[in-house]
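The structure comes first, and the notes follow.

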Amino acid sequence: MKTQALKIDREALLAQTLRGEFPDARGRFGPFGGRYVPETLVPALDRLEQGIRDILPDPAFKAELDLQLRTWVGRPTPLTYAATLSQRWGAEVWLKREDLAHTGAHKINNAIGQGLLAKRLGAKRIVAETGAGQHGVATAAACARLGMPCTVYMGSIDMERQAPNVGRMKLLGAEVVPVTGGDKTLRAAIDEALRDWVSDPNGTFYILGSAVGPHPYPYMVREFQRVIGVEARAQMLAQAGALPDVVVACVGGGSNAIGLFHPFVPDTEVKLLGFEAGGIGPGLGQNAASLAYGTPGVLQGCYSLLLQDEHGQVQETQSVSAGLDYPGVGPEHALLASIGRLGFAAAEDDESLEALSECSRYEGILPAIETAHAFAGARKYAASNPGCRILIGLSGRGDKDMPTLQRTLLKGKT
Ligand SMILES: *Cc1c(COP(=O)(O)O)cnc(C)c1O
């Protein structure tokens, strides 16, 4: 990681991190995070922050969220012992099964959480952005459940690439608006959703899909995704009889990873490892690995690590996995990585597809291509750490990826 330019006191920041002091009052995770937005957005973000402070700790809100998580999302999700992978890798492998959550991935935890919060704050309609369509589907489902109208912005290129998810959102009652400006993909969709929100910040609530964006989004998304790690930590103690040696997750914006990692951060004997989209190689434009290859800068309201050229122009990214294909990463990951609490590496397209195939064939679980990056990374880690106990965040199921898998893994085989 190229953070030499940042003068940071790693030891002090680590101590603050372990004491749970981030984000601070300015919405910062050490040097990262904050709020780099037009003036017009500041009052709306302030109101949201105040709302979070008042509502999240409220026992009635907690009970309402807990009821939805248990009876509609399907929580707690199981912890599965992966017997064959354990044998093949020479390790002890455990899987936290977010693929079994409603709509097939962890994203629903955040969508229903923010949806309930929006209702409490008196919002009349929801807007959201989506890239691959997974967050759009989760948000459309949450809005249908809560009786809120929902508008999802989606890049016109993504709408073509992810046509089945567009249909799913429509069936769930959402309006899907094509975004034809900018890069016509996720970045442009986020910009458009923010624009919509600014035009009516009281009546509209913006449900952002990952642990990115201006404060308080990275914090709020983490709080709604933390349930993954809280459950997994207790399940490891109950089922494995011990904490894992290492916790592994894939990192796009970083929401499933921070949700799984966060409750383990104070367990300093537990290693945390994030795997990003290595695409086809380490060159600029060949991947979407912002921790591995990024430099500090501002993207969509937040100071973090991002893929940019020497003039600060954000770079095109490349990955076989639509859900990891984003040029930035959440500020909390940037902090944890820069102080050495989080290890990270890139997993490339080919090795991830191979790992997807292995998990499917030997555990009877077809993971999402995003998730497969975590498997590729975990497998490499096991090879150099024989006998280790590994917890992998199985962030989602791979059924949505069949068109891509037909073109890649299955090419010539069907
Ligand atoms: C969206 C998605 C991701 C990447 O998003 P994060 O915010 O980094 O978690 C990972 N896995 C699955 C299954 C997804 O749908």
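Contact here means heavy atoms within 4.5 Å. Helices (H or I, at least four residues) and strands (E, at least two) are DSSP runs, numbered from the N terminus. The model is predicted: local features need pLDDT of at least 70, side-chain atom pairs count only at pLDDT 80 or more, and totals for chains, interfaces and linings use all residues. Residues are numbered from 1 along each chain as its sequence is written, and side-chain values use heavy atoms, with hydrogens and water left out.

**Helix 8**

- Asn165, Val166 and Met169 are the buried residues of helix 8 (residues 163-171), where buried means under 20% relative accessible area, exposed over 50% and partly exposed in between (1.4 Å probe, protein chains only).
- These residues lie on the same side of helix 8 because they cover an arc of only 105 degrees around the axis, the arc being that of the directions from the helix axis to the C-beta atoms.
- The buried residues of helix 8 pack against strand 5 (125-130), helix 6 (134-146), strand 6 (150-155), helix 7 (156-161) and strand 7 (175-179).
- Pro164, Lys170 and Leu171 are exposed on the other side of helix 8.

**Ligand site**

- The ligand is surrounded by 18 residues, and the closest are Lys107, Ser210, Gly254, Ser255 and Ser395; a residue counts if one of its heavy atoms lies within 4 Å.
- The shell around the ligand divides into 4 nonpolar, 12 polar and 2 charged residues. Ala, Val, Leu, Ile, Met, Phe, Trp, Tyr, Cys and Pro count as nonpolar, Asp, Glu, Lys and Arg as charged, and the others, Gly among them, as polar.
- A polar side-chain atom of Lys107 is 2.7 Å from an oxygen atom of the ligand.
- A backbone N or O atom of Gly254 lies 2.8 Å from a ligand oxygen atom.
- Taken alone, the ligand exposes 380 Å², of which the protein buries 97% (Shrake-Rupley method, 1.4 Å probe).
- Helix 12 (255-261) and helix 16 (369-384) are the elements that give two or more residues to this shell.

**Backbone features**

- Most residues other than glycine have a negative phi, and most peptide bonds are trans.
- Phe22 and Pro23 are joined by a cis peptide bond with omega about 0 degrees.
- Another cis peptide bond, with omega about -5 degrees, joins Arg75 and Pro76.
- Thr103 has a positive phi of about 70 degrees and is partly exposed at 29% relative accessibility.
- Gln300 has a positive phi of about 45 degrees and counts as buried at 15% relative accessibility.

Note on methods: Polar contact = N/O pair within 3.5 Å; in protein donor to acceptor, adjacent residues only side chain to side chain.
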